[in-house]
Amino acid sequence: MANWGKHYDIETPEKPRPRRRLSKPVYRTALGSVYCGESEKVLRTNRLKELHGQAQLVFTSPPFPLNTKKRYGNKQGDKYIRWFAGFAPLLKEFLTPDGSIVIEIGNAWERGRPVMSTTVLKAFLRFLERGGLNLCQEFIWYNSARLPSPVEWVNKERIRVKDAFTRIWWMSPTDRPKADNRRVLREYSDSMKKLIETGKYNAGPRPAQHHIGAESFKTNNNGAIPPNVLGSDELPSLNELVTPSSIIKAANTGSRDGYRDFCRGRDVTIHPARMPPSLAEFFLKFLTDEGDLVIDPFAGSNTTGAVAEELGRHWVSVEARWDYATHSISRFDPEAITETCADLSIVQLDQAAASSSSAALPLFTS
Ligand SMILES: C[S@@+](CC[C@H](N)C(=O)[O-])C[C@H]1O[C@@H](n2cnc3c(N)ncnc32)[C@H](O)[C@@H]1O
């Protein structure tokens, strides 16, 4: 297989031409396209409006309200709430009648105070109202590897503990969006496997007023139904999903992170807030089928698009920053890229790539 760096590379200016059309994809694959620009504008172009009513899932991790204006697009306070909530009606237009919106967002803290900001929560409630959406379920993503933060209160003064989770809100205009937890089953625990094998357990009432039937645990359902707390140490990790073709292990394994290697090799900024592919995999499998369309309006390094491509879902991603949008191309096999815009060229580095590739290999040097 041809590689970035060895067989192919990209050429692109640091910034795109000022009058580049927002409705022109930065690059495309057989299943998806990345657009570069502010979502509030890109999603209103005629090109994108053609997708109204077609997305089975909007899956995204938006910028959160920082208490200092460090990064692109991080608004604060009421301005953030208005901006964020304004996306609800806009994104809803793209949904199929039984489609879902899933938003992952971290916690924010008040500037200079050991106090959490409630801006995200207010923004979320406003989002639900503006979109006329139901909260289907709330999930918690626990990241045990997260570095201690906020440093001031956790490491220096030692008056708070590590902030180590993000919230995930699953919303839909309908009470019954398409969903199937049989597609995200986890491997049974050893004790459960034994129980199924022997068929021996204590039936009857439990303290929490549950009644365990004599046959309840005898059926092998091919795996355990996952809880809405994902990624914790106590629970099996998402890497242990037992549904077919789990791409997660490869995608998450340090040295095989192609996107990171690509950015390092070129001395360009690695996206600082990449989500684990396992998170996208979980929700794409749970809420969509092959062939469905998934939209990520705050795509960053395009984790969502890459996972969607692996899982055979169509996808559309929008990212405001040119560097993030263009470097995300490295999440795909160079030979899977079917089109690039005039400001992004794929160049061939050696003959080996030419001979190893099929005649249909797309090569763009515009
Ligand atoms: C939390 S990151 C997403 C990370 C992504 N899930 C990943 O795995 O790489 C949010 C992204 O939204 C982008 N962004 C901020 N405002 C935007 C806007 N108005 N339209 C599109 N993208 C925006 C930021 O540049 C940033 O890359």
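Student: What follows α9, and what is its phi like?
Tutor: In this predicted model, helix α9 is followed by D267, whose phi is positive, near 55°; helices here are DSSP runs of H or I with at least four residues, numbered from the N terminus. Residues are numbered from 1 along each chain as its sequence is written. Because the model is predicted, local features need pLDDT of at least 70 and side-chain atom pairs count only at pLDDT 80 or more, while totals for chains, interfaces and linings use all residues.

Student: Which residues of α9 are buried?
Tutor: Within residues 258-266, which make up α9, the buried ones are Y259, F262 and C263, where buried means that 20 or more other C-beta atoms lie within 10 Å of the residue's own, exposed means 12 or fewer, and partly exposed is in between, with C-beta atoms placed from the backbone.

Student: Why do they line one face of the helix?
Tutor: Seen down the axis of α9, the buried residues fall within an arc of 95°, so they line one face; the arc is that of the directions from the helix axis to the C-beta atoms.

Student: And what do they pack against?
Tutor: The buried residues of α9 pack against α12 (322-327), whereas R264 and G265, on the other side of α9, are exposed.

Student: New topic: which residues of α3 are buried?
Tutor: In α3, residues 77-85, Y80, I81 and F84 are buried. They cover an arc of only 100° around the axis, which puts them on the same side of α3.

Student: What does the face turned away carry?
Tutor: That face of α3 carries the exposed residues D78 and K79.

Technical notes: Helix = DSSP H or I, 4+ residues; strand = E, 2+ residues; numbered from the N terminus. Contact = placed C-beta atoms within 7 Å.
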